[in-house]
Amino acid sequence: MSEHFTLPSILLVGCGKMGGAMLEGWLRAGLAPSVIIDRHITELPAPHQVVRSIQDVPAGFTPDVVIVAVKPQKADPVLAELAQRFGQATLLSVMAGRTIASLHATCVQANPQANPLIIRSMPNTPCALGAGMSGLYAPPNATAEQKAHCDALLQAVGETVWVEEEGLIDSVAAISGSGPAYVFLLAELLEKAGVEQGLPPEVARKLARGTLYGAGCMLHTLPTDADELRRNVTSPGGTTAEALKIMMAPQAWPATTSAAIAAAVHRAKELAS
């Protein structure tokens, strides 16, 4: 790992799928000496440390950012412990649903002297490859330095957008946070359909994945709107047009996609309560 640290130091609480994906990218990008709390990782490259609990964090360690990447339903005991030791920290939450007010209240309940500055974010698992897409929200009292630290961490593993209202983080979660799962489902379905049409499974798999990768590259690289790119592929009366008649029927993709995103946003709001 490079000796030149380009990122702030962190205390990462939770190193599952999302926390682990971000950590992979941060280690490559040059993370300042940090501590990771996880029960499964056995070692990390120096100068980083892995410990089993918050109580095991070295006494002299003061991170620039504390990142909470545990499941929302399991957050309260973690926050209560953090409030005792890191009650004044900049806390970056990557949990769906949990509002700043609810997170702050949990910290204060555990330690009345606690007053963390909480920034919410919603990254996604492509962060592991440096191709993440993260949305962030900071309350009005966040300093420029606190926002810059959080932005730098997530810029190191992909791209970032900031939203002006906290409630919009739920929409971010439904679109980009959960979005890779929708793409993976499409890959599954294309593979399955290819096999149904007589292609060998390995050929259907390669065609589906390669097509999604190429289309994604075009969307990422070209300034052209998605609907125009779609029309460019669709010759009148051709095979693509015939398939899109089914996919774009009012009760097909247009309705089910909107309903699916609305369901994800609704679930995020349920988690908040």
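This is a predicted model: local features need pLDDT of at least 70, side-chain atom pairs count only at pLDDT 80 or more; totals for chains, interfaces and linings use all residues.
I started with the spacing of the two domains: the centres of domain 1 and domain 2, taken over C-alpha atoms, are separated by 32 Å.

Domain 1 runs over 10-171, and domain 2 takes up 178-271.

Then I asked myself how many residues each domain puts into the contact. Domain 1 supplies twelve residues and domain 2 supplies seven residues.

I looked up the area buried between domain 1 and domain 2 as well, and it comes to about 670 Å². Carbon and sulfur atoms give 62% of that area.

On to the charged side chains. How many salt bridges does the rule find across the interface of domain 1 and domain 2? I got one. I also looked at K269 and D170, whose side chains meet in a salt bridge at 3.1 Å, N to O. For polar contact across the interface of domain 1 and domain 2, I found one residue pair, with both residues at pLDDT 80 or more. I sorted the residues on the side of domain 1 that touches domain 2, and wrote down three nonpolar, six polar and three charged.

Last, I went to the record. UniProt, in an unreviewed entry, annotates residues 10-97 as "domain: Pyrroline-5-carboxylate reductase catalytic N-terminal".

Terms used: Residues are numbered from 1 along each chain as its sequence is written. Side-chain values use heavy atoms; hydrogens and water are left out. Domain bounds come from an automatic or database domain assignment. Contact means heavy atoms within 4.5 Å. Buried area is the accessible area (1.4 Å probe) that two parts lose on being put together, summed over both. A salt bridge is a side-chain nitrogen of Lys or Arg within 4 Å of a carboxyl oxygen of Asp or Glu. A polar contact is a pair of N or O atoms within 3.5 Å; within protein, one must be able to donate a hydrogen and the other to accept it, and residues adjacent in sequence count only if both atoms are side-chain atoms. Ala, Val, Leu, Ile, Met, Phe, Trp, Tyr, Cys and Pro count as nonpolar, Asp, Glu, Lys and Arg as charged, and the others, Gly among them, as polar. UniProt positions are given in the numbering used here, feature names are shortened, and annotations may be inferred rather than shown by experiment.
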